[in-house]
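Welcome! Let us take a friendly walk through this structure, starting with a rule that will come in handy along the way.

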Amino acid sequence: MTSILTYERESRWSRKGGRKVTLQERDIQILLLLQRYRYLRVDFIHAFLGGNYKALVRRIMWLKREPNFYIRVPTEQQLYIGQYAPQIVELDYQGEEELKARGLHHPNAAVTWLKRKRTDERFDFEHSVMICDALANIEAMHSDIVVIR
């Protein structure tokens, strides 16, 4: 009898099954981008930082899983077009604390209406994502970065 080894693919929504990472300069740049834009798609992060797209997605996976929790995927994205669109991420509390510890946290860096608490029940996820997409696109156009959406 032949045994077939199967590889169970990890869900991109799961936060379980990670390893502790040492933050690198590129990780700090990701956290700073997420401080500026509350929600940012992975392809926008790639447009701003450049490099290998698959490596960036893999690194973001490690940053959001336990025991790291530097960034998170908003729960609402699972209801939003999250099944076929680039993943949307946001800065988590531990990422915020890491920026504060390094002296890089600027509370006024984010757009005013995006500074609400993560538990605010009156918040409109789709509208906030649209605002962040528009602002990131405008900034990308002025810095000669090509982002096609």
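Rings of Phe, Tyr and Trp, taking the six-membered ring for Trp, count as a pair if their centres lie within 6.5 Å. Planes under 30 degrees apart make the pair stacked. Please keep in mind that this is a predicted model.

## One aromatic pair

By this rule the count comes to one aromatic pair. Its members are Tyr37 and Phe48, whose rings sit 6.0 Å apart from centre to centre, with 20 degrees between the planes. Because planes under 30 degrees apart count as stacked, this pair is a stacked one.

Where do the two partners Tyr37 and Phe48 sit in the chain? Tyr37 belongs to the loop between helix 1 and strand 1 (40-41), while Phe48 is in helix 2, eleven residues apart. Tyr37 has a relative accessibility of 3% and so counts as buried. Phe48 is buried too, at 19%, a value that falls under the 20% cut-off for that word.

## The chain as a whole

Stepping back, the chain holds five helices and three strands. Read from the N terminus, the order of its elements is α-β-α-α-β-β-α-α. Of its 149 residues, 42% are buried. The chain exposes about 9,400 Å², and 54% of this comes from carbon and sulfur atoms.

Contacts also reach across the sequence: among those with a separation of 6 or more, 71% are between residues 24 or more positions apart.

## The nonpolar core

In soluble globular proteins, nonpolar side chains tend to be buried together. Here, the largest nonpolar core has 30 residues. Leu31, Leu34, Leu40, Ile45 and Ile60 are the residues with the most contacts inside this core. The elements that give two or more residues to the core are helix 1 (25-36), helix 2 (42-49), helix 3 (53-64), strand 3 (88-91) and helix 5.

Which residues does Leu40 touch, once its neighbours within four places in sequence are left aside? Leu40 is in contact with Leu33, Leu34, Ile45, Gln87, Ile88, Val89 and Ala136.

## Helix 2, an enclosed element

Six of its eight residues are buried, so helix 2 is largely enclosed by the rest of the structure. The buried ones are Val42, Asp43, Phe44, Ile45, Ala47 and Phe48.

What covers these buried residues of helix 2? The cover includes helix 1, strand 1, helix 3, strand 3 and helix 5. After helix 2 comes Gly50, with a positive phi near 75 degrees.

## Salt bridges

Side chains of opposite charge can pair when their charged atoms come close. A search of the whole structure finds seven salt bridges. One of them joins Arg59 and Asp27, with their closest N and O atoms 2.6 Å apart. Arg59 lies in helix 3 and Asp27 in helix 1, so the pair ties together parts that are 32 residues apart in sequence. Arg59 is buried at 17% relative accessibility, and Asp27 is buried at 0%.

Another salt bridge brings together the side chains of Arg36 and Glu139, at 2.9 Å from N to O. This pair links helix 1, where Arg36 lies, with helix 5, where Glu139 lies, 103 residues apart. Arg36 is partly exposed at 39%, as is Glu139 at 27%. A further salt bridge joins Arg38 to Glu90, the closest N and O atoms being 3.3 Å apart. Arg38 is in the loop between helix 1 and strand 1, and Glu90 is in strand 3, 52 residues apart. Both Arg38 and Glu90 are buried, and together with Arg72 they are linked in a network of salt bridges.

## Helix 5 and the surface

Helix 5 covers residues 125-142 and includes Leu135. Leu135 is partly exposed, at 31% relative accessible area. Together with Ile138 and Met141, Leu135 makes a nonpolar surface patch of about 270 Å².

Met130 is also placed in helix 5. Is Met130 buried or partly exposed? Met130 counts as partly exposed, at 49% relative accessibility. The C-alpha atoms of Met130 and Tyr39 are separated by 9.2 Å, although these residues are 91 apart along the chain.

Definitions and conventions. Residues are numbered from 1 along each chain as its sequence is written. This is a predicted model: local features need pLDDT of at least 70, side-chain atom pairs count only at pLDDT 80 or more; totals for chains, interfaces and linings use all residues. Side-chain values use heavy atoms; hydrogens and water are left out. Patches are made of residues with over 30% relative accessible area and no salt bridge: like charges are joined within 9 Å, nonpolar side chains (Val, Leu, Ile, Met, Phe, Trp, Tyr) within 5 Å. Accessible areas come from the Shrake-Rupley method with a 1.4 Å probe; for residues, only the protein chains shown count as cover. A salt bridge is a side-chain nitrogen of Lys or Arg within 4 Å of a carboxyl oxygen of Asp or Glu. Helices (H or I, at least four residues) and strands (E, at least two) are DSSP runs, numbered from the N terminus. Buried means under 20% relative accessible area, exposed over 50%, partly exposed in between (1.4 Å probe, protein chains only). Contact means heavy atoms within 4.5 Å. A nonpolar core is a set of buried Ala, Val, Leu, Ile, Met, Phe, Trp, Tyr and Cys residues joined through side-chain atoms within 4.5 Å. Rings of Phe, Tyr and Trp (its six-membered ring) pair if their centres lie within 6.5 Å; planes under 30 degrees apart count as stacked, over 60 as edge-to-face and the rest as tilted.
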